[in-house]
Amino acid sequence: MSVSPRRKPLAYLLLVVGGFLGAHRFYLGRYRSGAAQLLLLLVGTMSSLLGAKLCLGVLLLWLLADIYWVHRQSLDVPQDVEEAKDLGHPVPKHVTAIPQSESAQRAVSHQPATPAAQLKNQELRYMAAFRQGDLQRAEALCAEAVELARRLGGGPGEAVVSHLVNLAEIRRQMQRHDRAIAALDECMKMIGQLRLPDSWRLRPTNTLALVYAATGRPDEAEALYKKTIALAITEAKGGSTDAVVRALNNLAFLHATTGQPEKAELCYARAMTHLDKLAAASGSGEAGSEGDAELYSNMLNNFADLLAARRDFAKARPLYERSLAIQERSCRGISTVAANAHNDLGLIAQELGDLRLALVHFKRTLLLNQICAPDHFKNIANAQRNVDGVSATLDAMAHAARVERNA
């Protein structure tokens with residue numbers, strides 16, 4: 001399941017028909033504010049506390065303001081900077097690109113005042129388009145950012161490298177692989193010319209590995225993934241970081257999709273070790289409160305998928321449940337990643353004969369897909385079929401039980 005493209009007309013439609021539920025905000029990836037709108041509705045309609053009805057008034061005013069807010073989301077800059085994601089996060093399930101490094105971001109911000117503001121605004125524009133799934137617009141804006149960075153720096157520079165990597169990632173997701181490789185080749189050449197630290201090679205190496213994996217070149221992809229792992233571990237000074245988990249997840253997924261489940265399991269086990277270290281370091285007992293919660297959950301889902309495929313449900317189920325726990329802390333469990341976990345837990349419950357539990361998970365999958373990816377019609381249809389199928393079986397079993405009692 002991939003992340004849904006964000007379209008302005010559909011966002012407005014959701015605001016009109018499901019605004020009181022926060023549907024438009026969930027659709028645009030604003031899970032916390034969407035949950036806040038839903039909470040206002042619940043308090044205003046179900047609570048008997050004095051002044052509870054004021055919540056509905058607050059919600060109505062908020063929704064009126066959201067008419068302009070949705071318009072802003074479709075243009076240049078995300079309204080809520082805290083919730084905005086760096087380029088590289090909204091990617092298909094299973095494999096993840098590496099987000100822009102902090103050093104690259106600082107390189108952009110250290111330009112002279114007025115030109116820096118111009119370049120930063122251009123970056124925010126293409127990142128906003130990328131988040132909303134408008135990849136053609138994101139590519140055009142990012143290409144403009146590359147040329148703008150060249151003009152401001154008088155040629156090659158750190159800012160040019162940073163935007164070139166982002167341009168390659170956008171082109172990769174557009175499946176313009178030759179153009180992505182060209183951008184990455186230029187990027188790597190520039191890193192050598194500027195004698196930048198090896199940490200700058202981490203993102204382009206990972207993106208090139210993703211391109212090779214997508215174009216049927218698994219041996220070259222594997223070599224690059226291994227290089228990415230080495231670069232990530234070196235940058236982490238032997239410790240555990242999101243980049244290390246991401247690199248191991250990508251290599252494991254490559255092994256899983258090329259018929260090497262044993263190698264995949266070893267990579268996932270290594271990734272789990274680093275995830276456990278991140279959880280211990282977070283102070284909350286679990287990674288997800290800080291760091292890339294979507295990455296952690298996707299990795300856990302991937303590992304669980306591998307185990308479930310060989311019917312090792314006893315090991316797979318706790319991984320799905322841990323993935324859901326991370327999503328609950330990160331976004332109240334309202335995400336397509338959580339939908340994936342619920343769907344797979346439903347399939348396991350169905351295989352084990354626990355149809356009532358399966359129905360609970362399938363209904364949750366359907367609801368989350370309707371909220372988070374309403375234009376992914378195939379996923380919604382599959383979830384609805386699962387709900388209908390299990391419901392029909394339970395009804396038939398109940399009918400049979402009544403007939404037997406009355407006989």
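**Figure 1. Valine 161 and its contacts.** Let us begin with valine 161, which touches Cys187, Met190, Ile191, Leu194, Leu196 and Trp200, leaving out residues up to four places away in sequence; a contact here means heavy atoms within 4.5 Å. Buried means under 20% relative accessible area, exposed means over 50%, and partly exposed is in between, with a 1.4 Å probe and protein chains only. The model is predicted: local features need pLDDT of at least 70 and side-chain atom pairs count only at pLDDT 80 or more, while totals for chains, interfaces and linings use all residues. Residues are numbered from 1 along each chain as its sequence is written, and side-chain values use heavy atoms, with hydrogens and water left out.

**Figure 2. The largest nonpolar core.** A nonpolar core is a set of buried Ala, Val, Leu, Ile, Met, Phe, Trp, Tyr and Cys residues joined through side-chain atoms within 4.5 Å. The largest one has 87 residues, and Val161, Leu164 and Tyr320 touch the most other members. Helix α14 (residues 293–309) gives the most to this core, ten residues; helices (H or I, at least four residues) and strands (E, at least two) are DSSP runs, numbered from the N terminus. A second, separate core has 13 residues, including Leu14, Leu41, Leu59 and Leu63.

Figure 3. How many disulfides does the structure hold? The count is zero, where a disulfide is a pair of cysteine sulfur atoms within 2.5 Å. For cysteine 372, the nearest cysteine sulfur belongs to cysteine 331 and is 7.4 Å away. Cysteine 372 is buried, with a relative accessible area of 1%.

**Figure 4. Glycine 239 in its loop.** Look for glycine 239 in the loop between α11 (218–235) and α12 (242–257). Is this glycine buried or partly exposed? Glycine 239 is partly exposed, with a relative accessible area of 23%. Its contacts, leaving aside neighbours within four places in sequence, are with Val244 and His274. Glycine 239 and leucine 278 are 39 residues apart in sequence, yet 9.3 Å apart in space, C-alpha to C-alpha.

**Figure 5. Helix α12 and the glycine after it.** Of the 16 residues of α12, 13 are buried, so this helix is largely enclosed by the rest of the structure. Just after α12, glycine 259 takes a positive phi of about 75°.
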